[in-house]
Amino acid sequence: MTDLIRATASELSRRLTAREVSSVELTQAHVDRIASVDGEIHAFLHVDAEGALATARDIDTRRAAGEELHPLAGVPVAVKDVITTKGVPTTAGSRILEGWVPPYDATVTQRLKAAGLPILGKTNMDEFAMGSSTEHSGYGPTRNPWDTGRIPGGSGGGSAAAVAAFEAPLAVGTDTGGSIRQPGAMTGTVGVKPTYGGVSRYGLIALASSLDQAGPVTRSVLDAALLHEVIAGHDPCDSTSIDQPVPPVVEAALRADVDGLRIGVVREIGEGFQPDVSTRFDESLALLEGAGAEIVEVSCPSFVHALAAYYLILPSEASSNLAKFDAMRYGLRVAPNGVDDPSAEQVMAASRDAGFGDEVKRRIILGTYALSSGYYDAYYGSAQKVRTLIAQDFEAAFEQVDVLASPTSPTTAFPFGDKLDDPLSMYAQDVATIPANLAGVPGLSLPSGLASDGLPTGFQLLAPATADDRLYNAGSALERLLEEQWGGTILAQAPELEAVR
Amino acid sequence: MTASQRATTLVDLDDALARYQPVMGLEVHIELNTASKMFCGCSTIFGADPNTQVCPVCLGLPGSLPVVNSTAVESAIRIGLALNCQIAAWCRFARKNYFYPDMPKNFQTSQYDEPIAYDGWTEVEVPTAEGVETFRIEIERAHMEEDTGKSLHVGGATGRIHGADHSLVDYNRAGIPLIEIVTKTIEVPGDKAAAVARAYVSHLRDLIGGLGVSDVRMDQGSLRCDVNLSLKPLGSDELGTRSETKNVNSFRSVERAATYEIRRHAAILDAGEKVVQETRHFHESDGSTSSGREKSDADDYRYFPEPDLAPIAPSRDW
């Protein structure tokens with residue numbers, strides 16, 4: 001049944017509806033696949049086979065009884081470990097939450113359950129979503145299925161690797177500066193960051209409240225659209241969620257028509273990118289042009305400040321969001337060495353020192369400083385003003401074009417350890433993806449071919465806020481053109497993973 | 001001998017007032033009587049078993065998000081209007097960041113430079129030897145915020161944190177809506193100062209109680225007052241260093257605390273020393289104040305607008 005794990009979610013949905021396969025068989029096949037390869041890949045921090053199979057059984061029973069089910073009912077999904085799952089350990093990739101079992105489900109989790117998707121487990125990530133390689137996980141890195149000596153991207157490397165390694169047909173990730181899209185590019189998968197507010201943040205362990213957004217991680221654009229429609233929509237528990245209907249993303253993915261579509265290429269993104277990353281991007285643009293799209297160069301001058309603004313706003317908000325990890329109510333509690341009768345403050349400090357990794361500490365200190373008295377205007381205040389300029393650049397660009405395009409990431413997957421000594425070079429991984437988070441606009445990455453090193457590259461599309469459907473329409477069109485050219489999917493070109501005994 | 005019983009030099013009140021002018025600022029916290037908390041649906045009923053009126057939001061569990069209680073906003077506006085304040089056309093919540101175990105998120109969602117109500121006034125009547133005198137108190141601002149949990153310090157002699165073995169925290173109170181009302185500086189004839197302070201708090205009790213938005217009971221903590229006081233030499237414009245006195249749990253205590261601080265500050269200034277800017281604790285037993293726990297890093301709260309909440313923009317009609 002190995003072909004079961006290689007099918008897309010939409011194909012699996014068809015087979016389930018046609019009773020060609022049961023959800024239990026399907027879920028078990030994935031559990032087996034995880035057992036077979038995850039010892040090497042380490043995409044999962046926690047596998048909940050029992051819970052997933054229970055859901056699968058329930059769906060099979062209800063389907064047999066003739067109940068009308070959601071199209072994705074019975075299709076397994078993996079969830080990034082930054083999203084709370086009731087009764088299932090949730091760590092945000094951090095030792096400070098080791099063993100924490102949430103007493104409540106995130107809204108995203110509730111919607112997956114309501115639609116009947118068996119949740120296979122929780123995927124690995126950079127600690128508290130801070131990173132671009134998953135090397136900053138408190139539980140060890142995830143390996144890229146294309147080359148296990150290389151990173152899968154981050155912070156959502158676990159979700160992307162799980163999907164790329166056929167351990168799950170679907171995954172949910174979160175994207176604060178590219179954490180869904182960049183791993184998508186690194187692993188040859190599709191990743192989408194919806195419009196800010198499009199998917200509820202209730203139950204997402206917060207990194208940067210004004211930037212975080214949950215979204216789909218899949219092997220096809222249509223699958224992403226199907227999953228997007230499950231998790232998106234207004235949530236009264238999230239004051240920042242948009243009170244409007246979910247954009248018609250599935251319809252758009254099926255339409256896949258770019259005739260007359262105006263695509264803007266941002267002049268300020270792309271300089272210094274790995275040469276064949278840019279070449280694959282240009283080739284994809286040419287394909288779209290051949291299908292009737294109009295390619296236009298646009299300028300977004302404020303984008304050159306995006307990285308700097310982001311790395312002030314994010315640490316500032318994170319320094320506040322991570323203050324709750326103080327050993328008083330949950331999580332790791334460590335007494336300071338050699339102190340009799342430590343005070344609460346001393347226990348807080350010792351626990352945070354022991355529980356947080358270096359990158360988290362780095363950003364908390366940076367953010368605390370940026371918000372501190374006398375510096376607010378110079379740092380956080382100024383960064384927010386730059387953010388407004390970036391949003392205005394997007395608005396101006398979208399008056400000329402329907403979508404924007406760029407390579408998703410400056411490089412293909414790099415070897416482990418390559419950028420650990422130079423945080424700034426790691427931060428530069430996000431240069432193409434960050435502007436979208438700052439402005440709240442939606443973005444999608446899909447595979448656009450292999451570089452000469454044999455590693456996947458990504459093509460990024462950006463659309464105006466609430467116009468997520470444009471991403472799926474254009475993305476789906478490009479995907480068809482590319483797969484036609486390749487004679488199959490990109491993942492069909494990935495190396496076969498050896499089963500771990 | 002406890003700290004409060006240790007001899008503190010005090011100047012006779014009339015003597016102090018002959019040479020110094022008291023300048024006061026009163027901060028009053030009103031606990032609203034909404035059915036649910038400021039940012040979640042938990043019950044606010046007083047007296048429940050510890051940690052039974054809590055949820056992921058008011059416990060600050062990872063992933064939780066606040067949702068504004070619209071009745072609390074309405075109550076805040078009512079209070080603002082009753083105090084003749086301007087009501088902000090647009091304002092936001094802000095995070096006040098500091099670490100303390102009774103504060104689940106280690107930040108308090110409050111308001112900083114955009115209070116919902118500002119620039120108001122109210123008149124208080126004080127019975128004096130000459131009959132009833134009316135004083136106008138200028139109101140700087142009234143803003144919305146959430147209350148903290150309650151700590152029970154176990155094992156020490158006084159029930160306070162000094163000398164306690166461990167502390168228990170009850171989060172039932174965490175997240176209950178508070179309105180903080182801050183006066184502009186109050187400068188009235190010295191011999192009336194303490195009485196005016198008392199009358200102001202009592203007047204707020206009547207005014208806000210009349211609105212029906214709070215139980216306003218000092219003995220139950222739904223009306224709290226912090227007394228800020230400094231002295232300046234009579235005839236001088238240069239303000240002195242202030243002290244802030246907390247744990248003032250009755251109207252009479254407001255008057256006693258103000259009086260005590262006038263006498264204590266006068267003694268320090270007479271001796272040529274500097275008043276320490278600090279938070280002091282009021283002792284009901286003898287009307288004295290004592291130095292509170294030192295909060296060295298408490299002053300930089302790193303305020304920034306709360307990104308999890310949308311701005312409040314009440315329409316003028318409403």
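I sort residues by relative accessible area: buried is under 20%, exposed is over 50%, and partly exposed is in between (1.4 Å probe, protein chains only).

**Ground rules**

I am working with a predicted model, in which local features need pLDDT of at least 70, side-chain atom pairs count only at pLDDT 80 or more, and totals for chains, interfaces and linings use all residues. Residues are numbered from 1 along each chain as its sequence is written, chains are lettered from A and ligands numbered from 1 in the order in which they are written, and side-chain values use heavy atoms, with hydrogens and water left out.

I began with B:Asp119, which counts as partly exposed at 41% relative accessibility. My rule for a salt bridge is a side-chain nitrogen of Lys or Arg within 4 Å of a carboxyl oxygen of Asp or Glu. B:Lys184 lies in the loop between strand S9 (177-183) and helix H3 (190-211) of chain B and B:Asp119 in strand S5, so the pair ties together parts that are 65 residues apart in sequence. I take helices (H or I, at least four residues) and strands (E, at least two) as DSSP runs, numbered from the N terminus. B:Lys184 is partly exposed too, at 30% relative accessible area.

**Entry: salt bridges elsewhere**

How many salt bridges does the structure hold over all chains? I find 46. One of them joins the side chains of A:Asp81 and A:Lys122 at 3.0 Å, N to O. A:Asp81 sits in the loop between strand S2 (77-80) and helix H5 (107-115) of chain A, and A:Lys122 in strand S3 (residues 119-123), so the pair links parts 41 residues apart in sequence. Are these two buried or exposed? A:Asp81 is buried at 2%, and A:Lys122 is buried at 1%.

I also noted B:Asp206 with B:Arg205, whose side chains meet at 2.8 Å, N to O. B:Asp206 is partly exposed at 47%, and B:Arg205 is partly exposed at 30%. In chain A, salt bridges with shared partners join A:Asp3, A:Glu11, A:Arg14, A:Arg15 and A:Glu20 into one network.

**Entry: where chain B meets chain A**

With contact taken as heavy atoms within 4.5 Å, I get 32 residues from chain B and 39 residues from chain A. The two chains bury about 2,600 Å² between them, 60% of it on carbon and sulfur atoms; this area is the accessible area (1.4 Å probe) that two parts lose on being put together, summed over both.

Which salt bridge spans the two chains? The count between them is one, and I found A:Arg201 and B:Asp308 meeting at 2.8 Å, N to O. Polar contacts come to 17 residue pairs across the interface, both residues at pLDDT 80 or more. For these I use N or O atoms within 3.5 Å; within protein, one must be able to donate a hydrogen and the other to accept it, and residues adjacent in sequence count only if both atoms are side-chain atoms. Strand S3 (94-97) and strand S14 (304-305) of chain B each supply at least two residues of the side that touches chain A.

**Entry: the sheet in chain B**

I traced an open sheet of nine strands with mixed pairing, in the order S2-S5-S6-S9-S1-S10-S11-S12-S13. Two strands pair if DSSP finds at least two bridges between them. Strand S2 (86-87) and strand S13 (288-291) of chain B stand at the edges with a single partner strand each, so one side of each has no neighbour in the sheet. S2(B) pairs with strand S5 (residues 117-128) of chain B in the antiparallel sense over two bridges, and there B:Gln86 stands opposite B:Tyr118.
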